[in-house]
Amino acid sequence: ILQMLIIQIPLLVALVSGDMISGEAAMGTLRFLLTRPVSRTRILLSKFTAGTIYTLALLVFLGVLSLGTGLLLFGPGDLVVLKTDQLIILPAADVLWRFMVALGMAFLALTLINSLSLMLSCFSDNSIGPIITTMAIIILFTIIGTLEVPLFDAIKPYLFTTHMSVWRSFFEDPLPVEEIRRSILYLILHITVFLGIALRYFNRKDILV
């Protein structure tokens, strides 16, 4: 289920966040909304919060689905993690907390997608553009991150898609604490930058329709 974080779940998030501003602009309701005695900053942050709640609900559903199905099919016990070069067996006592923290990291990664799609939505007057652009960026960065090309080695650590898969680190033994800490900082930094750009542009944007 968590492997779907690469493409499928970000698409579900982008479909909602990419429509929040551009969708209302396309329908002509954005200008009416901005006539209310509420600041543009508060409106945008409310939409970001709504997208975050949707993302959380989506992850909770997928988490219950994956954990419930796993327990139903295999029952409780140790977790076997297959990696390319090794086999890791995690004791049953460690499985639940690792799973929950991994979901928390997945939530942080999808919050980044929420902020990116919302930012692109502020620059568009139709919903298709932000959604397609968000997915194009994710796919492009994912391809760059997986290609074994020396030219890309210098930029891979700075791509947010590199850090979106940090949830996998919680199924390693021992935990790569420094790698996890660095990825958390990168994700939070990207969220802050994307949301900051969205707020700056939306507060200056001319709403003509």
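**Close-up views of a predicted model**

**View 1. Helix 1 passes helix 5 in a right-handed crossing.** In this predicted model, the residues of helix 1 that make the contact are I9, P10, V13, A14 and S17. On the side of helix 5, the contact is made by L110, I113, N114, S117, L118 and S121. Helix 1 spans residues 8-17 and helix 5 spans residues 92-122. Their axes come within 9 Å and cross at roughly 35°.

**View 2. A nonpolar patch on the surface is formed by I6, I7, I139, I143 and L147.** Together these residues have about 360 Å² of accessible area. One of them, I139, belongs to helix 6, which covers residues 128-146. The relative accessible area of I139 is 38%, so this residue is partly exposed.

**View 3. The peptide bond between D173 and P174 is cis.** Its omega angle is about 5°. P174 sits in the loop that lies between helix 8 (160-164) and helix 9 (177-204).

**View 4. G70 is found in helix 4.** This helix runs over residues 40-74. Along the chain, G70 and Q8 are 62 residues apart. In the model, 20 Å separates the C-alpha atoms of G70 and Q8.

Methods
Residues numbered from 1 in each chain as written. Predicted model: local features only at pLDDT ≥ 70, side-chain atom pairs only at ≥ 80, totals over all residues. Heavy atoms only, no water. Patch = residues over 30% accessible without salt bridge, like charges linked within 9 Å, V, L, I, M, F, W, Y side chains within 5 Å. Areas by Shrake-Rupley, 256 points an atom, 1.4 Å probe, with all protein chains shown as cover. Salt bridge = Lys/Arg side-chain N within 4 Å of Asp/Glu carboxyl O. Helix = DSSP H or I, 4+ residues; strand = E, 2+ residues; numbered from the N terminus. Buried < 20%, exposed > 50% of the residue type's maximum accessible area, 1.4 Å probe, protein only. Axes fitted to C-alpha atoms, helices over the stretch in contact; angles between N-to-C directions. Left-handed = near helix turned anticlockwise from the far one by under 90°. Contact = heavy atoms within 4.5 Å.
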